[in-house]
Amino acid sequence: MAKLNELEMPLFLHPGLPFEQVQQSYYVGFSREVSARFSMFAWGWRNEAGVQLIRMILAGVFDKFPKLNVIMGHWGELVPYYLQRLDDSIPQEATGLKRTIVQTFQEQVYVTPSGMMSNPHFAFNQALVGVDRILFSVDYPYLSLNGARAWLENLPISQEDKEKIAYKNAEKLFKL
């Protein structure tokens, strides 16, 4: 983390397989295919990546490394939808962090749709982090590329904001 902070380069926190114990506790009991999909790309990967981001926030990683940014796919891997609950349940008085969990997320996390081309998800994340922290992405080979470009082109936002999401935010973040 120190080197990423020094270089001002982001960490892409990508989902991975849940531990075997977690898979057995949470995701079995269905057909082999349904259990596998549920534990991986349908839900489990989202949950595992989101938990890791929350752990980083609660451990003070972002306080220690204020120039560290993290990229989270799939509209933030479930985390954005629970940020207020996290702040209400684990306030700064309990964490000792410099900022609230919401503030840390808003200031140091970028989100991508990762193939979840959904206007309600976009609207929620736009309101939460703003267009300057949204990066365009698809989720090939898990989801089709069909309609991804059309979705971005048809978002009810300005052309300037579409360009930010399409490539300008990435250029700035990666110093291209």
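Is Lys-168 buried, exposed or partly exposed? In this predicted model, which numbers residues from 1 along each chain as its sequence is written, local features need pLDDT of at least 70 and side-chain atom pairs count only at pLDDT 80 or more, while totals for chains, interfaces and linings use all residues. Side-chain values rest on heavy atoms, with hydrogens and water left out. Lys-168 turns out to be partly exposed, with a relative accessible area of 34%; here buried means under 20% relative accessible area, exposed over 50%, and partly exposed in between (1.4 Å probe, protein chains only).

The term stands for a side-chain nitrogen of Lys or Arg within 4 Å of a carboxyl oxygen of Asp or Glu. Glu-163 is likewise partly exposed, at 23% relative accessibility. The whole structure holds 11 salt bridges.

Arg-99 deserves a paragraph of its own. Its side chain forms a salt bridge with Asp-63 (3.5 Å, N to O). Because Arg-99 lies in the loop between helix H8 (92–95) and helix H9 (101–108) and Asp-63 in helix H5 (residues 61–64), this pair ties together parts that are 36 residues apart in sequence. Helices (H or I, at least four residues) and strands (E, at least two) are DSSP runs, numbered from the N terminus. Both Arg-99 and Asp-63 are buried, Arg-99 with a relative accessible area of 16%. Arg-99 also meets Glu-107 in a salt bridge of 2.7 Å, N to O, and Glu-107 is partly exposed at 41% relative accessibility.

Aromatic contacts come next. Rings of Phe, Tyr and Trp (its six-membered ring) pair if their centres lie within 6.5 Å, and planes under 30 degrees apart count as stacked, over 60 as edge-to-face and the rest as tilted. By this rule there are eight aromatic pairs. One of them, Tyr-27 with Phe-38, is edge-to-face, at 4.8 Å centre to centre and 85° between the planes. Tyr-27 lies in the loop between helix H2 (20–26) and helix H3 (32–42) and Phe-38 in helix H3, so the pair connects parts that are 11 residues apart in sequence. Tyr-27 is buried, with a relative accessible area of 3%, whereas Phe-38 is partly exposed at 29%. Trp-75 and Trp-151 form another edge-to-face pair, with 6.3 Å centre to centre and 65° between the planes. This pair links distant parts of the chain, with Trp-75 in helix H6 and Trp-151 in helix H11 (residues 148–153), 76 residues apart. Both Trp-75 and Trp-151 are buried. Ring pairs also gather Tyr-26, Tyr-27, Phe-30 and Phe-38 into a cluster.

At the surface, Tyr-81, Tyr-82 and Phe-124 make up a nonpolar patch with about 310 Å² of accessible area together. Patches consist of residues with over 30% relative accessible area and no salt bridge, like charges being joined within 9 Å and nonpolar side chains (Val, Leu, Ile, Met, Phe, Trp, Tyr) within 5 Å; accessible areas come from the Shrake-Rupley method with a 1.4 Å probe, and for residues only the protein chains shown count as cover. Tyr-82 sits in the loop between helix H6 (73–77) and helix H7 (83–89) and is exposed, with a relative accessible area of 53%.
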